[in-house]
Amino acid sequence: MEFATKLIHAGIEPDPTTGAVMTPIFQTSTYAQTSPGVHKGYEYSRTHNPTRTVLQNNLAALENGKYGICFATGLAATDAVMKILKPGDEVVASSDLYGGTYRLFTKVFQEFGIKFHFVKIQSGEDIIPFLNSNTKLVWVETPTNPLLQIVDILSLSSVTNQKGLLLAVDNTFATPFLQNPLSLGADIVMHSLTKYMAGHSDVVMGALIVKDDALHQKLAFIQNATGATPGPMDCFLVLRGLKTLHVRMERHCQNGREIADWLYRHPKVGHVYYPGLPHHVGHALASSQMNDFGGMVSFTLKNDDLAEAVKLMENLKLFTLAESLGGVESLCTHPASMTHASIPKEEREKNGLKDTLIRLSVGLEDIKDLKEDLSQAIG
Ligand code: P1T
């Protein structure tokens, strides 16, 4: 089945009791049993819920996996992966990461005895110096948040597979419309469904997608045992959003490319971070690994002046200054004070994340209006 068809049909059948074409919202916490332990596969909604089951099966198909496992938020999905580790285990993670992921690793799991190495990862050879007998997991985003760096998933998985390590890829910025990490050898795909997947800035949710039966068993056990599961209404909203993912992503990519080109040519703009621009160091890799370059664009001003960058963000009218990304509306974020404030300044700067960086989630508005807004804000 082709991707567009999967979005609308994979794992989704009309409701057998009524014929309802849209998956019903099974707003129930529990299910009747005819005799103790005799039921229709559903006992309690933390463990299983029919609306969530449909979403999980749809996500598994979209990522060319076998199992989807949904969580209340993206961070709860990441948290579940970390819970398969034990004290003394080590993780190699990309140094450019969503600030909340960095905070979860360093402020929660480091306290439980897991060691993290934050490394600039572009390909498999970058992780080799950090591997030892305690290493269990490699965690990357690609494109990364917020510097839009590209990681070679195939090259990374050739190392992790050879060494018997798990490779987890946060596919939030790309979505399965642009790349399928499991098909490139990764073991776990993680999504903040809050973003492009749901697509309308009206729900917070996360998911893991895997192929391996044993890994699925471990993660589904954690999903139920620790209980950070999403409600059926939110699962319905994500299912509804997913039906148009391909159409939305096409326009996100088109608008993203036009904004990146326009910023690149603007005399007051300094560096533009967008993998679709030929000068981007990951451009060739992104061209082969991804179907397009996405709708996220970061940039600095030529004078690198923080007060001017702040003024620009205050001046924007159509781009809303807010955390998050991937919705139909354009957003602007100041990573240093917002999404990445939980990473110490010294650490941020070591990784190339300047206080003056501005991040745009380019939405689906008319490109002319978006350019006009940026133009008046830059002044
Ligand atoms: O917000 P939540 O659904 O818990 O997802 C966390 C998360 C995980 N991975 C990536 C790449 C993310 O960007 C996020 C959340 N990011 C933002 C809120 C943001 O504005 O960057």
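The structure is a predicted model, in which local features need pLDDT of at least 70, side-chain atom pairs count only at pLDDT 80 or more, and totals for chains, interfaces and linings use all residues. Residues are numbered from 1 along each chain as its sequence is written, and side-chain values use heavy atoms, with hydrogens and water left out.

The loop that holds E365 runs between strand 12 (358-361) and helix 13 (367-378); helices (H or I, at least four residues) and strands (E, at least two) are DSSP runs numbered from the N terminus. Apart from neighbours within four places in sequence, E365 is in contact with N255, V328, E329, S330 and L370, where contact means heavy atoms within 4.5 Å. With S330 there is also a polar contact, side chain to side chain, at 2.8 Å. A polar contact is a pair of N or O atoms within 3.5 Å; within protein, one must be able to donate a hydrogen and the other to accept it, and residues adjacent in sequence count only if both atoms are side-chain atoms. P146 is 219 residues from E365 in sequence, and the C-alpha atoms of the two are 22 Å apart.

The largest nonpolar core comprises 67 residues, and L263 and L360 have the most contacts inside it. Such a core is a set of buried Ala, Val, Leu, Ile, Met, Phe, Trp, Tyr and Cys residues joined through side-chain atoms within 4.5 Å. Helix 9 (residues 245-265) gives the largest share of this core, seven residues. Because domain 1 (3-242) and domain 2 (245-378) both contribute residues, the core lies between them; the domain bounds come from an automatic or database domain assignment. Not counting residues up to four places away in sequence, L360 touches several residues, including I259, L263, F299, F319 and L374. A second, separate core has 27 residues, among them M82, I84, A93 and I188.

The ligand is surrounded by 20 residues, of which D170, S192, T194, S324 and R359 are the closest; a residue is included if one of its heavy atoms lies within 4 Å. Helix 3 (74-82) and strand 6 (188-192) each supply at least two residues of this shell. For S324, a backbone N or O atom lies 2.7 Å from a ligand oxygen atom. The protein covers 93% of the 480 Å² of accessible area that the ligand has on its own, with areas from the Shrake-Rupley method and a 1.4 Å probe.

Notes:
Buried < 20%, exposed > 50% of the residue type's maximum accessible area, 1.4 Å probe, protein only.
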